[in-house]
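Here is a short briefing for a first look at this structure. Which parts of the chain are hidden, and what covers them?

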Amino acid sequence: MRAIRLSATGGPEVLDLVDLPDPEPGPGQILVRQSAIGVNYIDTYHRSGLYPLRLPSGLGMEGAGDVVAAGEGVERFAPGDRVAFASGPIGAYADLHLVDAGRAVRIPEGVDERTAAAALLKGMTAEFLLLRCRPVQPGEPVLIHAAAGGVGQIMVQWARALGAEVIATAGSPAKADRARALGAHHVILYGEQDVAAEVRRITGGAGVAAAYDSVGASTFEGTLGSLARRGTFVSFGNASGPPPAVEPGRLMRLGSLFFTRPTLGDYTATTAELDASAAAVFGRIAAGEISIEIGQTFPLSQTRAAHEALEARQTVGSTLLIP
Ligand code: NDP
């Protein structure tokens with residue numbers, strides 16, 4: 001098989017395409033021949049060392065394809081089934097990948113494999129954030145950063161479908177237009193405008209009930225300053241670097257705020273939770289409430305270029321590698 005490997009952490013240049021023996025599924029595993037691989041920002045954290053990996057390692061958590069072999073004891077899937085997955089073992093940047101059967105989901109009819117690979121991890125993230133971590137209430141204003149990105153596009157559409165007043169941020173006018181087209185009621189250009197001041201203006205001084213911040217370091221103060229009394233800061237990513245530590249007294253002084261730092265793994269920890277979250281994503285897609293934009297695809301051999309584009313903020317929507 002062909003796979004991306006890294007033996008040191010660093011920039012995209014540490015990613016090499018290598019030939020490896022085809023793996024065989026062990027007990028409880030399935031072997032998936034992938035037709036599309038999802039690129040996620042977390043892959044850059046693994047590559048850079050922000051989230052440590054044991055090296056040498058593969059990279060990537062998400063993909064979709066056909067089951068070609070099932071290990072001992074697997075009853076959930078059989079060869080020929082179309083599946084998608086969005087959690088470890090890390091190493092999805094490959095044409096073949098071993099997955100624990102309990103961590104994969106069946107792709108429903110009517111959803112193609114590229115869409116599944118573009119939607120599953122990012123869609124389940126939107127699902128757990130908006131419905132379980134800090135459930136959005138109809139009519140309340142919420143702030144969603146990086147709204148034209150992979151997770152951001154899905155969150156904007158889903159929050160709007162839930163009846164929220166969506167205040168989005170984006171890094172360029174073109175990305176702002178994209179966020180508006182997807183349903184954002186207001187878009188702030190966070191590279192040029194003062195986010196907290198704009199949010200206060202839009203909300204008549206009140207601030208937002210919840211803010212979903214995946215950008216981290218550069219947006220932290222603006223997000224904090226945008227929250228309404230008893231509002232919730234959901235910090236779920238570090239695209240611009242990790243946010244600073246939070247002093248509890250500050251949360252009090254700014255209006256009895258809540259702060260949480262969730263991760264998808266804790267909201268899809270069981271197979272039942274995984275199935276429910278994936279079903280919610282595919283259900284919204286089938287209902288036409290959420291569209292998945294595959295903004296760019298790269299051949300597996302061009303993985304370095306995919307990472308460069310993602311980190312240079314040149315991507316919109318989801319990014320796929322094609323084996
Ligand atoms: P995106 O497609 O959203 O790409 C990241 C975007 O962040 C960029 O396009 C850019 O949009 C924005 N950004 C702002 N500042 C920077 C910067 N300095 N460098 C790079 N990008 C910047 O990626 P994903 O959809 O894959 O992931 C979005 C975020 O969600 C990531 O932070 C990821 O870690 C997080 N995440 C967290 C999960 C969890 O369980 N906690 C699960 C899944 C994702 P713009 O140009 O508009 O500013």
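Helix 10 spans residues 303–311 of this predicted model. Its buried residues are Thr303, Ala306, His307, Ala309 and Leu310. Viewed down the axis of helix 10, these buried residues stay within an arc of 160°, so they line one face of the helix. An α-helix has 3.6 residues a turn, so residues three or four places apart point the same way.

**Around helix 10**

- The buried residues of helix 10 pack against several elements, among them strand 1 (2–5) and strand 3 (29–39).
- Helix 1 (41–48) also packs against these buried residues.
- Two further partners of helix 10 are strand 14 (294–299) and strand 15 (318–322).
- Arg313 follows helix 10 and has a positive phi, near 60°.

**Helix 1**

- In helix 1, the buried residues are Asp43, Thr44, Tyr45, His46 and Arg47.
- Their cover includes strand 3 and helix 10.

**Thr223 in helix 6**

- Helix 6 covers residues 220–224, and Thr223 lies in it.
- Is Thr223 buried or exposed? Its relative accessibility is 0%, and buried means under 20%, so Thr223 counts as buried.
- What does Thr223 touch, leaving aside neighbours within four places in sequence? Thr223 is in contact with His145, Ala211, Asp213 and Phe233.

**The whole chain**

- The protein chain holds 10 helices and 15 strands.
- Its radius of gyration is 20 Å, and the globule rule gives a close value of 20 Å for 323 residues, so the chain is as compact as a globular protein of that length.
- Along the principal axes, the C-alpha atoms of the chain fill a box of roughly 60 × 40 × 35 Å.
- Buried residues make up 54% of the 323 in the chain.
- Take the contacts in the chain with a separation of 6 or more: 68% of them join residues 24 or more positions apart.

**Surface and charge**

- The accessible surface of the protein chain is about 13,100 Å².
- Carbon and sulfur atoms account for 51% of that surface.
- The chain carries 27 positive and 33 negative charges.

Notes:
Residues numbered from 1 in each chain as written. Predicted model: local features only at pLDDT ≥ 70, side-chain atom pairs only at ≥ 80, totals over all residues. Heavy atoms only, no water. Helix = DSSP H or I, 4+ residues; strand = E, 2+ residues; numbered from the N terminus. Rg over C-alpha atoms; globule rule 2.2 N^0.38 Å. Buried < 20%, exposed > 50% of the residue type's maximum accessible area, 1.4 Å probe, protein only. Contact = heavy atoms within 4.5 Å. Areas by Shrake-Rupley, 256 points an atom, 1.4 Å probe, with all protein chains shown as cover. Lys, Arg positive; Asp, Glu negative; His and termini not counted. Charge placed at Lys NZ, Arg CZ, Asp CG, Glu CD. Arc of directions from axis to C-beta.
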